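Hi,

Here is the model I promised to pass on. Please have a look, and my notes follow below.

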Amino acid sequence: MKPVIALVGRPNVGKSTLFNRLTKSRDAIVADYAGLTRDRHYGQGHLGNREYIVIDTGGFEPDAESGIFKEMAKQTRQAVAEADVVVFVVDARAGVSAQDHDIANYLRRLSKPALLVANKAEGMREGAQLAEFYELGLGEVLPVSAAHGQGVRAMLEAALDELHLPDADAEAEAPDERVIRLAVAGRPNVGKSTLINTWLGEERLVAFDLPGTTRDAITVDFERNGQRFQLIDTAGLRRKGKVFEAIE
Ligand SMILES: Nc1nc2c(ncn2[C@@H]2O[C@H](COP(=O)(O)OP(=O)(O)OP(=O)(O)O)[C@@H](O)[C@H]2O)c(=O)[nH]1
Ligand SMILES: [Mg+2]
């Protein structure tokens with residue numbers, strides 16, 4: 001089993017940018033827009049021969065009681081439950097916010113290793129600016145720049161060191177069975193995510209009565225009657241002339 005790292009934090013701190021760096025991909029959508037990521041999004045990476053799974057999540061409001069932020073919080077809690085180590089991302093430039101405290105309180109109550117990571121720390125001298133994050137009560141603050149790569153390797157080593165798991169190289173991959181990849185596509189709000197959730201029998205995807213709810217294309221492994229599938233949920237498609245937002 002590969003260790004699982006969940007990236008958690010309030011909106012717009014750079015979780016998806018860090019996800020892309022940890023997976024050496026551009027799979028997650030990144031923009032200067034709070035609340036961009038909605039679903040939990042899995043990726044794979046490795047540090048030398050140590051392999052891991054990383055989960056990107058949406059901006060976390062642990063106490064959200066309604067609306068789409070409540071649905072996103074459910075997804076984040078599920079990601080945290082599956083994780084071996086939680087990477088709590090804060091914004092080194094913005095400083096500590098009330099929402100960071102809410103998330104820290106939530107994480108401190110869990111008995112799960114958590115690392116506190118201050119992103120957007122490029123060109124920042126350690127010390128003064130980062131000191132205030134100690135008040136979150138999660139111990140040492142690791143400065144990183146997801147956009148530029150600084151500190152990311154040290155952070156990853158610290159995350160994997162929390163786990164004391166054996167190297168994965170002895171573990172043989174399952175023989176390559178045929179996987180049917182099935183993408184669900186269609187106009188916004190026709191029920192694509194709901195359809196996949198119904199197939200799976202769980203709330204795997206955020207389904208909400210709001211056009212444009214799904215943003216990242218999310219792949220879910222699924223098996224039925226011995227046949228392996230990869231179900232791919234996609235963002236709703238509109239005619240080119242009707243697309244105005246950058247995210248879309
Ligand atoms: N200066 C700086 N900006 C960064 C860094 N990492 C991310 N950003 C910027 O911060 C903004 C938000 O990045 P995202 O990765 O989308 O943030 P997120 O936490 O996934 O946001 P949500 O999905 O909305 O919760 C984007 O404009 C990024 O380019 C960094 O290391 N330094
Ligand atoms: Mg994101």
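A polar contact here is a pair of N or O atoms within 3.5 Å; within protein, one must be able to donate a hydrogen and the other to accept it, and residues adjacent in sequence count only if both atoms are side-chain atoms. The backbone oxygen of G9 is 3.4 Å from a polar atom of the K15 side chain, and that side chain also reaches the backbone oxygen of R10, at 2.8 Å.

Some housekeeping: this is a predicted model, where local features need pLDDT of at least 70, side-chain atom pairs count only at pLDDT 80 or more, and totals for chains, interfaces and linings use all residues. Residues are numbered from 1 along each chain as its sequence is written, chains are lettered from A and ligands numbered from 1 in the order in which they are written, and side-chain values use heavy atoms, leaving out hydrogens and water.

K15 lies in helix α1, residues 15–22 (helices are DSSP runs of H or I, at least four residues, and strands runs of E, at least two, numbered from the N terminus). K15 is buried (under 20% relative accessible area, with exposed over 50% and partly exposed in between; 1.4 Å probe, protein chains only).

The magnesium ion (ligand 2) is coordinated by S16 (OG) and T37 (OG1) at 1.9 to 2.1 Å. Those two are 21 residues apart, S16 in helix α1 and T37 in the loop between α1 and β2 (41–47). Donors are N, O and S atoms within 2.8 Å of the metal (3.2 Å for Na, K and Ca); water is not among the atoms, so sites may look incomplete. Both S16 and T37 are buried.

Best wishes

How values were computed: Lys, Arg positive; Asp, Glu negative; His and termini not counted. Salt bridge = Lys/Arg side-chain N within 4 Å of Asp/Glu carboxyl O.
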